[in-house]
Structures are given as structure tokens and as C-alpha cells.
Amino acid sequence: MEDALVDVLSRKTGYRVVVTTCVLGGLLLVTGALACAQETEVVNQGSPIATGWKKHSIPTEAPPMTAVAADFTGDGKQDIITNCDRKTRLFVAPDWKELLLAEDPDHDFLHSEVMDVDQDGDVDYLATRYSPGLIVWFECPDSPLTETWPIHLVDDQVNGIHGLLVGDVDGDDKPDLLATSALPEGRFPESLAWFQVPENPRLAKRWDRYVFADRDAPGLSHYLGLGDVNGDGRADAASAAKTGNWFAWWEAPADPRKVWSKHEIAGNQVGATNIHPVEVNGDGRVDFMASRGHGQGVVWFEAPDWQPHEMSDTVAGAHCLTIADLDQDGDMDAATCAGAWRSVEDWQAVWFENDGRGNFTTHVIGRNQTGYDIRASDMDGDNDLDLLVAGMESNNVVWFENPLR
């Protein structure tokens, strides 16, 4: 049976496939893991391109900063919403027909997320402006292709928003929202905050705001991560500082509405941007994966002492970072688009293959591509995770098709 499975997967993906089996609870489990590509293509005498990752492009009029994917139309296909040139657009799968949702001079959105805000069974869109700080949500109507999407305020008091994240902060099994308030001026300078969805978000003037890192995140905080770092059953948060050059996590108290305790993970991290709590090496402890998007390198920090391990010290300008099991082998991998604010020779989309013990292999899946935003999402419905990229400098929205299926 194993030989037959190897043959089928290898012919389908073009990769050498490693198949492992184990018995758990009387069931025979068969898992396939992509090994290193056997066929490679050398481009511009750089690193070899991993075969099989097909690039799909969605045309845009201006450099996009952010793009998200979800089934907004309810037809079972992943659509895309992006913002560029102060226009918010829905691209409808599979033909990517464009629908203008809003055009507003105040909608210079830098980050976005998706959430069923009003719990009506469809997916809504959330977006942020950097400064002056603004968070809004677009309500997905019953007929999203023909009706107007109402726009509601979440908050206009946090300032310098350079990170937006959906997650369950207070443990009530309902999604909340986190944001940075990174600038040194404003009502909540150099802080981090989370927002609880009101009982009736369509009528609420603002969402309930809780500043959990009160003036405790200096150095232009970038992005956010969320997860139970210390095993106490509560969701903790992490962030990075572009000019402060640090990575840190904040320990949630029993009442998450109060101020959280800050713990530094590492200093002297020039251009730190992204950090995510994730179990990396199979020892059961929560580690961190991170990138220095305004500097160089992608790194993971091993719990409990946060020993650094460079996943790549050559990838430069990795401003975006996503964590996912891209090869479906049971451990967590990562992906980024490198080369932000660098010459085109540095532009490349890469994924980092984890061997389950925290050793990573870097696979280049495309060149001439930058990414201010990257997401792992099953774009084609084949039950593996593809990569959606908003390419600010390459002036495109693309998705890379995972060759696993």
C-alpha cells in the first residue's frame, strides 16, 4: 500500500514523497510529506526555484498593501478583498471579477482581517489606517454582489496601527480583535490593545477597548501574535519593534481586561517585524517564529530560554510572515516574501520547511515578487494551503498554488 501511495503522490506533485505510518487507537495512519524537490530551475544564477508552485495573478490598479481571502459570496470558493489607492475591492472567484466595495479618501488601509462580526453566518471584512488611527468593519450583506456593504466604526483612538489580528483573547470562544498603537503620540502612545465585539456591533458607536500593554511597546511595534505561551490556558500576545529592535510577549492575567506582564524574548533584533507563538521542534513547548522585515533574517526562538535559531540569515526584507503546515506532515512551516524596500534582485517568495525538530530548509517558489502581506489559505479548494500575497512594490496581488494536491 505504501509503495502505491508513494507512486501516486510523486506523480501528482512532481516531488519525492516520504510516507510514514503509525498505529494510533487501532487506526492505521498514513501521512505524506514532501521532501526536497528533485527538479529545480535556476533563475538569474540565484537559489533554485522549487518546482510545482504555480503563480496566479489578480490585476490591480495601484500597489496593494493588504489582501485577505474568504468565501464572501457563500458559493464555497475563496474570494479576495484588497485595498489600494484608497479603493476597497472584492475579487470574486474563480474568474476574479472585480467589485468596488468603497472608494474613500480616508480608506488608506494598511492591514486587514476577516471575521463574522455580527454572527449572521457570513464573513465580514475589517481594515485599519495607520495614522490617524482608524479601524472599521465592512458588513457583508445578504447579497454581497448587488447590495452595498455598510461600513461601521470599530475604533478611532489607537494610533499608528501596524498590526491587526483576530483571535479569542478572553476565552469565551468568540473572536476578538487586537491592534498595535505604535506611534508615540495620541491617546494610547506606544501601546497594544484588544477589542471585544459589542453585543450589537451594527449599532455600537465603538467596540470595547482594553489597552493591555499600556505605553509598554516602544519602538514602533509591528504586527501581533496570539497563543498560550506559558500553558496556563490563557491566550498571551507577542509583538515586535521595528526601531526598538526587540521581540517580546505579554502574559495575560486572569482578567484580560487588566494590564498584562511584558517579557522580553530578544533584543538587538534590527528591524524586527513579525512574531508568532508556535510549537516548532516537537518538545511540547510553545516557541516563537519571527522575521526581521526591516532588517535581515528569519529566526525561531526555542522555549523556555528563547535560544535563537536562524531559519535563514540570508533572506532580507521579510516584512510579512505566515505560519502553517504547508506540506501537511504535522509540523509547522513558515512562508514570506522577501526583498521589501530592496533591489529587485532580492525579491522572492519562499517557504521554510520544518523537519519537525526545528531544522528548516528554504525553498524559493517565485522571484520578482515582494509582499507587504501574506496569508496561507486554500485558494483552490483542494485541501492544501496556498499562499496569498499583496505585493506592494511588485504592484500585484498573487497566489501561489501549493503542489501538494
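Is C84 buried or exposed? I looked up its relative accessible area and got 1%, so C84 is buried. The cut-offs I used are these: buried means under 20% relative accessible area, exposed means over 50%, and partly exposed lies in between, with a 1.4 Å probe and protein chains only.

**Ground rules.** I am working on a predicted model, where local features need pLDDT of at least 70, side-chain atom pairs count only at pLDDT 80 or more, and totals for chains, interfaces and linings use all residues. Residues are numbered from 1 along each chain as its sequence is written, and side-chain values use heavy atoms, with hydrogens and water left out.

**Cysteines.** I searched the whole structure for disulfides and found zero. The criterion is a pair of cysteine sulfur atoms within 2.5 Å. I then checked C320, which is in no disulfide. The nearest cysteine sulfur belongs to C337 and is 5.2 Å away. C320 is buried, at 3% relative accessible area.

**Salt bridges.** I note that side chains of opposite charge can pair when their charged atoms come close. A salt bridge here is a side-chain nitrogen of Lys or Arg within 4 Å of a carboxyl oxygen of Asp or Glu. The structure holds 15 of them.

I looked at E98 with R89. Their closest N and O atoms are 2.8 Å apart. E98 is partly exposed at 39% relative accessibility, while R89 is buried at 2%.

Next I took R209 and D155, a salt bridge with an N to O distance of 2.8 Å. The pair links distant parts of the chain, 54 residues apart. R209 is in strand β17 (residues 208-213) and D155 is in strand β13 (residues 151-155). R209 counts as partly exposed at 21% relative accessibility; D155 counts as buried at 0%.

D255 and R257 also meet in a salt bridge, 2.9 Å from N to O. D255 is partly exposed, with a relative accessible area of 21%. I also found one network, in which salt bridges with shared partners join D118, D120, E139 and R202.

**Sheet β10 to β13.** Strands are DSSP runs of E with at least two residues, numbered from the N terminus. Two strands pair if DSSP finds at least two bridges between them. Four strands form an open antiparallel sheet in the order β10-β11-β12-β13. β10 (109-115) and β13 each have a single partner strand, so one side of each is left without a neighbour in the sheet. Neighbouring strands are turned by 25° against each other on average, direction ignored. For that angle, axes are lines fitted to C-alpha atoms, and angles run from 0 to 180 degrees between N-to-C directions. Six bridges join β10 to strand β11 (residues 124-129). In β11, T128 stands opposite H111.

**Sheet β18 to β21.** I read the order of this open sheet of four strands as β18-β19-β20-β21, with antiparallel pairing. β18 pairs with strand β19 (residues 236-241) over six bridges. The bridge partner of L224 in β19 is S239.

**Hairpin β24 and β25.** Strand β24 (residues 296-302) and strand β25 (residues 307-316) are antiparallel, paired over six bridges. F301 has P308 as its bridge partner in β25. Which residue takes a positive phi in this hairpin? I found W306, with a phi near 60°; four residues lie between the strands.
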